[in-house]
Amino acid sequence: MTKEMVCIVCPMGCRLTVTSADDTGTLNVIGNQCKRGEAYAIEEMTNPTRMLPTTMIIRGSLLKRLPVRTEKPIPKELIFEAMKKIDDVVVEAPIKRGDVVISNLLGTGVNVIASRSMKHI
Amino acid sequence: MTQYDIVVIGGGPAGLAAAVEAREQGAKSILVIERDRELGGILQQCIHNGFGLRVFNEELTGPEYAERFIDELEAMAIEYLLDTMVLEITQDRQIIISNSEKGIQIINAKSIVLAMGCRERTRGALAIPGYRPAGVFNAGTAQRYINVEGYMVGKRVVILGSGDIGLIMARRMTLEGAQVLAVAEIMPFSGGLTRNIVQCLDDYNIPLMLSHTITAIKGKDRVEGVVIQKVDQKMQPIPGTEIEYKCDTILLSVGLIPENELSRKAGIAIDPVTNGPVVNSNMETTIPGIFACGNVVHVHDLVDFVTEESRHAGNAAAKYVMDESRSNHKGTVIRTKAEEGVGYIVPQQIDMDSIDGKVALFMRVRNVYHNASLSVKLGGVEIKRVKHRHLAPGEMVRVDIDKQLIKETQAEMTVSVVLEEGRV
Ligand SMILES: Cc1cc2nc3c(=O)[nH]c(=O)nc-3n(C[C@H](O)[C@H](O)[C@H](O)COP(=O)(O)OP(=O)(O)OC[C@H]3O[C@@H](n4cnc5c(N)ncnc54)[C@H](O)[C@@H]3O)c2cc1C
Ligand code: SF4
């Protein structure tokens, strides 16, 4: 199997081609200009993760949406499920930046935290 | 009449950093004026991560980045006004403001820092034929509706323009359940960061159509579809390449323009390329005592650069207040000039008396270059050359020049792109 991707570790944006050997599954990366590109490609093939910033409903504050984010990157394939989970939760003002609004999101061990403070009105 | 040492216009990251730095330098009475209901500027709607890698060594979201500076401002007890619009500023530094509570008021300032940011180019600035149905939004407006107000703007979306705001919104709309059909970009390359192309488009299999543009919008009351066409090298649509998409929403991400009505009215010289005030190495405009920083000067892609530049402006404003003779336009001034491959340089003037140690030049190149150098010349003689493996119009470049490299002369300082093999 072969996959094409663009390395985003630095602004060079090298175009990488990753091939996995059919029998052993060993990954081979070409097109990278440095070691970091190889590590990135292998991570993307074996365990891709992303930060998830979004908003959730907040009650009792000036604004109706509270910006939140995962404290750490979560597995990429869980993104849509995580969005659903975050949509189901409603928080009450006041909130302080960094407050945990959902702990252990979908069993990943990663918390969802508030991106800003919001006062109660 | 109220009197302040420094009045900062705009409470975005530029205004906040300028105010905080001016206070650190000892300026006493400082006022920040913001027309919105809260401080933070555009950052409050940029809920995605990717801010602060340079300044805080951390990857923060827009609101997190803003709140760190708002906290500092509050801790220093710097005064600010919200829901207050600056209507006019004058050459002798009077500021006319208006808010619903107190109506129109006049404030006097020893020094003014302009930090009004920029606004989005609108559809009017583009020539797309058709009716004007509902469902056409500026990407930044849609961002505010979704992220701050909590309204979803549509279900099937086509985006025109591949600047960062368009890319970020492609992902945001997808996550919120919309279907983003395509991003059309008239240029043969994207003005957005590679990282955003990968994480906002490739991750969700959203096609990026380079050298394509929207040539017609269908629908009378609400958008019903668009026609996208390939363009030739002269950016003219090629007949026979039309593709029609059924969609209910179009987002325009076709660029930002510095917000300079106030500056123009006051008689500040504006650079026709950046659309921002002409500034010197102190971020002082052509009117003594009026400084400018952030997106009002030139559009930045990284807020970290905004913060650095604005601290510099705040510092200069504080020093000006303590000693007005520090104003420039006096000693030796060297003009900077963008040459081959370089679009513009900020500052446009280097004021030799006021630089300590080094001067930072910010610039954008015109094209994508690999393995090229930026060559800085003074009076035609190269004084510095910096190698870059990658240069792109979407990524602002900073070049620092040591003061001792700059012999006091009346000559111009130029910067050009030089390819490894020779001249561009
Ligand atoms: C959609 C988007 C995404 C971005 N993503 C990133 C990113 O991922 N990483 C990154 O580092 N940077 C990013 N940036 C860039 C960064 O956010 C900006 O460069 C930065 O916010 C500019 O700061 P500013 O203070 O100059 O302008 P602004 O944030 O626009 O602030 C200007 C303020 O001035 C106020 N104002 C204007 N006129 C008046 C007036 N007459 N009277 C009173 N107040 C006035 C406005 O209301 C506003 O609050 C992004 C920008 C945008 C638009
Ligand atoms: S492979 Fe190395 S040089 Fe190329 S983009 Fe990745 S980090 Fe940069």
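Predicted model: local features only at pLDDT ≥ 70, side-chain atom pairs only at ≥ 80, totals over all residues.
View 1. The side chains of Asp71(B) and Arg97(A) form a salt bridge, with N to O at 2.7 Å. Here a salt bridge means a side-chain nitrogen of Lys or Arg within 4 Å of a carboxyl oxygen of Asp or Glu. Side chains of opposite charge can pair when their charged atoms come close. As for bookkeeping, residues are numbered from 1 along each chain as its sequence is written, chains are lettered from A and ligands numbered from 1 in the order in which they are written, and side-chain values use heavy atoms, with hydrogens and water left out.

**View 2. Asp203(B) reaches Arg50(A).** These two side chains meet in a salt bridge at 2.6 Å, N to O. Asp203(B) sits in the loop between helix H5 (194-201) and strand S13 (208-210) of chain B, and Arg50(A) in strand S4 (residues 49-50) of chain A, so the pair joins two chains. Helices (H or I, at least four residues) and strands (E, at least two) are DSSP runs, numbered from the N terminus.

**View 3. The contact between chain A and chain B.** Chain A puts in 29 residues and chain B 32 residues, with contact meaning heavy atoms within 4.5 Å. About 2,700 Å² is buried between the two chains, 54% of it from carbon and sulfur atoms; buried area is the accessible area (1.4 Å probe) that two parts lose on being put together, summed over both. On the chain A side, Ile8(A), Met12(A) and Arg97(A) lose the most area to chain B, together 21% of what that side buries.

**View 4. The two domains of chain A.** Chain A splits into domain 1 (2-46) and domain 2 (53-114), with bounds from an automatic or database domain assignment. Their C-alpha centres lie 32 Å apart.

**View 5. Confidence in the model.** The predictor gives the complex an ipTM of 0.90 and a pTM of 0.92. Chain B averages a pLDDT of 92, and 96% of its residues score at least 70; pLDDT is the predictor's confidence in each residue, from 0 to 100.
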